[in-house]
Number of protein chains: 2
Amino acid sequence: MPQRVHVARELAELLKLLAHPDRIRLIEELRLGECDVNTLARRLNLPPSRLSQHLGLLRAARLVEERRHGRQHMYYLVQPQIARWIADALAFVEVRAPAALAGEAREVRELWS
Amino acid sequence: MPQRVHVARELAELLKLLAHPDRIRLIEELRLGECDVNTLARRLNLPPSRLSQHLGLLRAARLVEERRHGRQHMYYLVQPQIARWIADALAFVEVRAPAALAGEAREVRELWS
DNA sequence: TACATATCTGCAAGTCTTTGTAGATATGCA
DNA sequence: TGCATATCTACAAAGACTTGCAGATATGTA
């Protein structure tokens with residue numbers, strides 16, 4: 001029972017880290033391989049400093065790691081399967097969502113699979 | 001691309017809702033079937049009013065539903081598979097965690113599977 | 001009806017998160 | 001070295017989340 005409390009706390013921390021729209025898109029963007037910060041910022045349409053802050057959080061939690069390539073920092077998922085696991089949650093979103101969103105979710109699920 | 005933003009927002013909301021240690025234990029407690037608020041409070045060792053607040057959030061998001069039985073409110077998971085999906089995230093916790101926690105995680109994974 | 005039990009809601013205080021801005025650091029090249 | 005590019009960090013304001021507490025509601029029973 002106490003270990004359930006402890007493990008639930010760890011799980012909650014992981015989920016909290018993932019529970020941000022930018023970070024979800026970021027992880028799905030990295031699902032196919034590494035990418036540098038500026039390119040990510042352009043693709044996700046976010047200011048680079050903001051992206052850097054998100055990356056800092058994910059890095060601190062060891063969800064992503066960094067590799068230097070010249071002056072670029074290439075980021076990649078330590079556990080690429082996490083992208084799939086997140087996309088799997090679309091099943092639960094689709095159920096609750098109005099039909100319009102459910103359609104979008106299906107499209108995105110294909111993009112993210 | 002815009003639907004990705006929209007869907008990522010929905011996903012983030014779902015994850016945020018799940019990203020609380022009490023709510024995670026609550027959902028895992030419900031994985032085998034319905035239960036009333038007081039019993040849940042006793043099992044999770046939480047004040048009933050706090051549990052009720054958590055249940056209110058999950059109810060608003062339609063993750064749980066309620067059935068009246070006398071003066072008790074029986075709660076159950078609308079999509080019981082979500083409990084399994086959360087437990088699957090233990091794989092990602094185990095990797096990052098020190099060995100001690102990894103052991104706990106494995107035990108809990110058995111309890112929650 | 002009056003009471004006890006079971007659960008819910010509203011509110012306020014404390015805490016944590018997000019985000020823009022400004023400036024710091026690090027790298028490669030002229 | 002000096003400059004441009006790429007990224008990071010610090011900080012403060014705004015906002016969101018958590019939690020205890022007090023009181024509200026609803027149900028069954030005497």
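**Packed helices and a helix at the chain contact**

Guide: In chain A, helix α2 (residues 21–29) packs against helix α3 (residues 37–44) at an angle of about 115 degrees, with the two axes 11 Å apart; an axis is a line fitted to the C-alpha atoms of the stretch in contact, and angles run from 0 to 180 degrees between N-to-C directions. The model is predicted, so local features need pLDDT of at least 70 and side-chain atom pairs count only at pLDDT 80 or more, while totals for chains, interfaces and linings use all residues. Residues are numbered from 1 along each chain as its sequence is written, and chains are lettered from A and ligands numbered from 1 in the order in which they are written. Helices are DSSP runs (H or I, at least four residues), numbered from the N terminus.

The crossing of α2(A) and α3(A) is right-handed, the near helix being turned clockwise from the far one by less than a right angle. On the α2(A) side the contact (C-beta atoms, placed from the backbone, within 7 Å) is made by A:Asp22, A:Arg25, A:Leu26 and A:Glu29, and on the α3(A) side by A:Leu40, A:Arg43 and A:Leu44. Three of these residues are nonpolar, none is polar and four are charged, where Ala, Val, Leu, Ile, Met, Phe, Trp, Tyr, Cys and Pro count as nonpolar, Asp, Glu, Lys and Arg as charged, and the others, Gly among them, as polar.

Between the chains, 38 residues of chain B meet 38 residues of chain A. At least two residues each come from α1 (2–18), α2 (21–30), α5 (81–88), α6 (90–96) and α7 (99–111) of chain B, and α1(B) gives the most to this side, with 14 residues. The side of chain B that touches chain A has 24 nonpolar, four polar and ten charged residues.

Of these helices, α7(B) has 13 residues, which should span 18 Å at 1.5 Å a residue, and its end C-alpha atoms, 19 Å apart, agree with that; the expected span is 1.5 Å times one less than the number of residues. Its buried residues (20 or more other C-beta atoms within 10 Å, against 12 or fewer for exposed and partly exposed in between) are B:Glu104, B:Ala105 and B:Val108. Because they cover an arc of only 105 degrees around the axis, they lie on the same side of α7(B), the arc being that of the directions from the helix axis to the C-beta atoms. The buried residues of α7(B) pack against α1 (2–18) of chain A together with α6 of chain B, whereas the face turned away from the buried side carries the exposed B:Ala99, B:Arg106, B:Glu107 and B:Glu110.

Note on methods: Contact = placed C-beta atoms within 7 Å.
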